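Here's a quick briefing to read with the structure open beside you.

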Amino acid sequence: MSESFAAREAAVLWPTYVRPPVVFTRGEGVRLWDANGREYLDFLGGIAVVAAGHAHPHVVEAVSGQLAALGHTSNLYFTGPQVDLAERLVDRFGPPAKVFFSNSGAEANEAAIKVGRRWAKATKGERAVGIVAAEGGFHGRTLATLAATGKPALHPTFAPLPAGFSHVPFGDADALAAAVGPDTAAVLLEPVQGEAGIRVPPAGYLRAAREIASGNGALLILDEVQSGMGRTGRLFAHQHQQVRPDVITLAKALGNGYPIGATIATAEVAKTMRPGDHASTFGGGPVACAAALATLDVVERLLDGHVAKVSEHLREGLVELAARIGPQAGVRGLGLWFALELGPDAGASAKEVAAEALDRGLVVNPVTETAVRLAPPLVVSEAEVDQAVTRLAGALAEVAP
Ligand SMILES: Cc1ncc(COP(=O)(O)O)c(C=O)c1O
């Protein structure tokens with residue numbers, strides 16, 4: 001990358017990101033190419049977004065066809081793809097349910113928090129505004145979703161944040177039971193914590209959360225922004241634990257990179273919202289919905305065995321790498337969503353490993369100080385997994401010999 005590009009960027013963009021010196025210009029399937037024509041294997045997929053792979057022809061055709069036919073009307077008018085997509089999502093979530101469309105994960109969660117409070121005030125009374133979330137959980141960067149995010153270090157800079165949010169240790173049903181009460185509107189959890197390092201809760205945790213919420217007349221809201229859309233091997237991660245949440249949120253992979261968020265609520269909960277209670281200029285626009293419908297076509301086909309098969313192959317490769325690193329290393333995750341935990345004595349940070357991997361043509365990211373995240377497009381093949389594991393092994397051998 002030419003120095004001038006980084007300098008131009010620094011001159012005109014907020015310094016909120018720290019980027020490696022690569023400019024990506026093209027993608028196809030699991031591969032990316034940079035401005036110098038160098039090829040990379042993308043095992044991050046735009047942070048669990050590009051589920052159908054880069055430039056999937058079915059998605060490209062749906063988006064370009066819809067854009068050519070009708071790009072935008074606002075939500076003041078009916079457009080076809082929004083209803084088509086809502087029908088499809090409601091069918092998969094389980095009817096009766098209703099959807100609100102937005103443009104990102106944070107917005108999908110904002111809508112979930114709003115509908116949760118709207119519902120609780122109507123059913124439990126004005127004081128029932130509490131949202132109980134989990135330590136380490138990540139729900140977004142808007143003020144309310146930042147308040148819901150269980151990373152206290154992120155809070156003081158932007159205080160005062162909206163009130164009413166509290167946090168309990170993730171995976172601990174007793175702690176959750178102790179925190180939920182008459183003033184709780186909703187329990188808000190990720191079924192598997194993504195940004196905390198792909199943390200899978202103990203079996204039965206979500207069912208316990210369901211019972212605790214119901215027992216206190218509160219809602220169970222599951223943030224499936226990162227875990228949804230097939231990432232874990234099921235369309236929604238909560239389907240592994242056979243729970244029926246009241247609300248789920250989706251974004252990231254829903255549009256395969258075309259921005260769209262969705263908040264799906266049971267009809268019982270959704271019916272408390274009134275015209276004017278919530279809105280979005282772009283939310284559920286025809287192009288975003290066409291992208292999501294096409295992405296669902298691709299993802300649902302891949303869930304018919306492909307993801308499970310490649311998942312096992314990737315897990316085996318990572319487990320082998322972890323064994324080479326040392327006794328404190330390990331692998332967390334499921335589906336095509338893994339953290340390679342290096343442990344404290346690996347001799348290198350996850351950041352150093354990811355930087356070296358990039359140098360070797362593999363895109364992964366340090367999800368925590370000590371864990372490298374892999375979330376490749378779901379179309380990834382076993383051969384591509386082998387190539388990626390080889391490149392990651394090379395990176396580890398270089399920085400953590
Ligand atoms: C579980 C979860 N919720 C919400 C968000 C926020 O999504 P967005 O960045 O689209 O606002 C993220 C992003 O990483 C996430 O992983």
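In which loop is Ser 74 found? Ser 74 sits in the loop between helix 3 (57–69) and helix 4. Keep in mind that this is a predicted model. Here's the rest, by topic.

- Most residues other than glycine have a negative phi, and most peptide bonds are trans.
- Going from Pro 95 to Pro 96, the peptide bond is cis, and omega is near -5°.
- You'll find Pro 96 in the loop that runs between helix 4 and strand 4 (97–102).
- Ala 159 and Pro 160 are also linked by a cis peptide bond, with omega about 0°.
- That Pro 160 belongs to the loop between helix 6 (143–148) and strand 6 (165–168).

**Helix 4 against helix 10**

- Two packed helices are described by the angle between their axes and the distance between the axes.
- For helix 4 (residues 80–93) and helix 10 (residues 286–302), the angle is about 35° and the axes are 8 Å apart.
- The crossing of helix 4 past helix 10 is left-handed.
- On the helix 4 side, the contact includes Pro 81, Leu 85, Arg 88, Leu 89 and Arg 92.
- Across from them, helix 10 brings residues including Pro 286, Cys 289, Leu 293, Leu 296, Asp 297 and Glu 300.
- Sorted by class, this contact of helix 4 with helix 10 counts nine nonpolar, five charged and one polar residue.

**Around the ligand**

- The ligand has 13 residues around it, and the ones that come nearest are Gly 105, Ala 106, Asp 223, Gln 226 and Lys 252.
- By class, the shell splits into six polar, four charged and three nonpolar residues.
- Which helix gives the most to this shell? That's helix 5 (residues 105–123), with three residues.
- Gly 105 has a polar backbone atom 2.8 Å from an oxygen atom of the ligand.
- Lys 252 uses its side chain instead: an N or O atom there is 3.0 Å from an oxygen atom of the ligand.
- For Phe 138, a backbone N or O atom is 3.3 Å from a nitrogen atom of the ligand.

Notes
Residues numbered from 1 in each chain as written. Predicted model: local features only at pLDDT ≥ 70, side-chain atom pairs only at ≥ 80, totals over all residues. Heavy atoms only, no water. Axes fitted to C-alpha atoms, helices over the stretch in contact; angles between N-to-C directions. Helix = DSSP H or I, 4+ residues; strand = E, 2+ residues; numbered from the N terminus. Left-handed = near helix turned anticlockwise from the far one by under 90°. Contact = heavy atoms within 4.5 Å. Nonpolar A, V, L, I, M, F, W, Y, C, P; charged D, E, K, R; others polar. Near = heavy atom within 4 Å. Polar contact = N/O pair within 3.5 Å; in protein donor to acceptor, adjacent residues only side chain to side chain.
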